[in-house]
Amino acid sequence: MSEQELKDMLRELVIYLIFLIDLCILAFGMVSIDMYHLNTVMSHLFMEPAEGKDGFGTIRSKADFWKFVQGPLLDGLYWDKWYNNMTLPFQNYSHIYYENLLLGVVQVRQVKVRNNTCSIYPYFRRFLDDCYSDYHYQAEDRSDDALRNESEWKYTPADSFTPWYFGNMGLYSSGGYLFTLPKLKQESMEKLASLKQNNWLTRGTRAVFIDFSTYNANLNLFCIVRLVVEFPATGGAFTSIHIYSVKLLRYITHYDYFLAFCEIIFCLFIITFIIQEAIKIMKLKREYFRSGWSWLDLMLLMVSILAIIFNIYSTVEVSLLMEELLSDASVYPDFYFLTFWQVLYNNMIAVNIFFAWIKVLKYVRFNKTMEQLSSTLSRCAKDIIGFAVMFFIVFFAYAQFGYLVFGSQAEEFSTFQKCIFTQFRLVLGEFEFENTEAVDRILGPIYFISFVFFVFFVLLNMFLAIINDTYSEVKADYDIMPSYKVPIRDLFRHSCDNALTKLKLKKPEEDTQPAAEKLERNYHPLERSTFLREKRALRRYQSYRKRRKDIR
């Protein structure tokens, strides 16, 4: 690498570091520790209610569900009194924990499956009249109750843009039988009692969703809460809670406007990078796509463009939804839809900043250590691919073995995906051996001992041996071969000397070399030091070759 190439790379590195700092400001400006605290207190409110009451996580049947919604749920939603039983002057608005305004009303929705959606063995047909399958879209019940006109007895189709819910037992659509709770606690209690009395939940019920949103003006944070109870075809109930604290109103404080300025800078950087990459593609054509760094640049640009689109879309949709909410406070504001896109935007930024930091490696290739690591990985790539094939054959064989033997008894082996993650944890030393031994006293220990021996002691050490041997070879080659790169420390030293000389803070160096070294004096100061270093390395390399020849 010549001096000019090194200067160009350092110039690009400085510009890219400015872009990276701007991206980091945007990324970390979206999150705060207050989001974690708000999620925690909201989770405790329903998962760990007051003494004598069962929390949301204790629901195991439909009876437990009604007990929860008529007790801890209403107590957590309607805060109409102070801790000394003094009535709060909030009128028809509830302030959870006295600080979080309940936006609109609470929505409760269920999805059901039709009767006779599964096959019964002929011998049992005279004993069983009804059969309700697991939930899937084709089996969903969309019929209306002809005797009732309320919304909770009529099927409401899903909005085409509303995301489906991926639960523990299936993928649920956004439609269903839904109703909203009134603004007053007493009216909500009466409505829930009526629904329980009229069997709103049936044998075909497969999932119930409880959605509501709050706004904390102290922190300018929206908190979107979704409580999900799944009723599988096996009977019983499984619960899950999802709480998202997001900053939907983004431009309020001075710091928010500073972030907006950073967003504009980010967009300008992306436009500049797009133009640069387009010029490179036109100039290099097919050669451009043969470099891994080019693909990384394209991926970074694509993720950045998607993040910008998500940001604009989310900002516009929040404004429209807030106008609708302010016009009618008795409707359910679907902030879950906006939260989905906001979380997706945050994930895009996280992926973007990951690739942005990886790209820094492109600009530190002039470092000898980084070049050795890069050469090591490229030289042993074929060996690693061959090892990976052998490793995953053995790894997936053990995963299938564990799933078939322990899947019906141990939770960590209940699905094939969990088996894979369990085995990765076992490699890291985190494993509960007692669970496998309790399932099978013979196959459990055999599985554990053989997996540790073959995967941990044999295969992983083979992987480390491949890397270690290749690195030793590369390091030996770099030690004996001459280098034709200008050291960066010489570039910085020469630049500093020139700056000090121009500022008259240092006298220019005088030529005191003898006439025999006139040839070396003709080199640039940077190239002179490199020339001397290369000459010494060349002598060592020639001596090494001569010894090898004598040995042969």
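L181 is buried in this predicted model. Its relative accessible area is 2%. The cut-off for buried is under 20%, so L181 qualifies at 2%. The residue sits in the loop between β5 (177-180) and α4 (185-197).

What is L181 in contact with, leaving aside its neighbours within four places in sequence? The list is L74, L77, Y78, V105, V106, S188 and L192. V105 and V106 fall within strand β2, residues 100-112. S188 and L192 fall within α4, whose span is 185-197. The C-alpha atoms of L181 and Q107 are separated by 6.6 Å, although the two residues are 74 apart along the chain.

Which strands does β2 pair with? With β5, it pairs in the antiparallel sense over 4 bridges. R109 has L178 as its bridge partner in β5. With strand β6 (residues 205-216), β2 pairs in the antiparallel sense over 10 bridges. There, the partner of K112 is T205.

Strand β1 (residues 95-96) also pairs with β2. The sense is again antiparallel, over 2 bridges. I96 has N100 as its bridge partner in β2. The hairpin of β1 and β2 has 3 residues between the strands. In this hairpin, Y97 takes a positive phi near 60°.

Next comes the empty space. Rolling a probe the size of a water molecule over the atoms shows where such space is left. The structure holds 3 cavities of 30 Å³ or more. Which residues lie nearest the centre of the largest cavity? They are Y78, L102, G104, P182 and K183, from a lining of 11 residues. By class, this lining has 7 nonpolar, 3 polar and 1 charged residues. Y78 links two parts of this account: it is in contact with L181, and it lines the largest cavity.

Finally, the whole chain. It has 552 residues, and 38% of them are buried. Its secondary structure comes to 15 helices and 8 strands. Take the contacts between residues at least 6 apart in sequence: 68% join residues at least 24 apart. The chain exposes about 33200 Å². Carbon and sulfur atoms supply 61% of that area.

Note on methods. Residues numbered from 1 in each chain as written. Predicted model: local features only at pLDDT ≥ 70, side-chain atom pairs only at ≥ 80, totals over all residues. Heavy atoms only, no water. 1 Å grid on protein atoms, 1.4 Å probe; cavity = no way out; pocket = protein on both sides within 12 Å on 5 of 7 lines; lining within 4 Å. Points joined across faces, edges and corners; volume = space filled by probe spheres on them. Nonpolar A, V, L, I, M, F, W, Y, C, P; charged D, E, K, R; others polar. Buried < 20%, exposed > 50% of the residue type's maximum accessible area, 1.4 Å probe, protein only. Contact = heavy atoms within 4.5 Å. Areas by Shrake-Rupley, 256 points an atom, 1.4 Å probe, with all protein chains shown as cover. Pairing = 2+ DSSP bridges.
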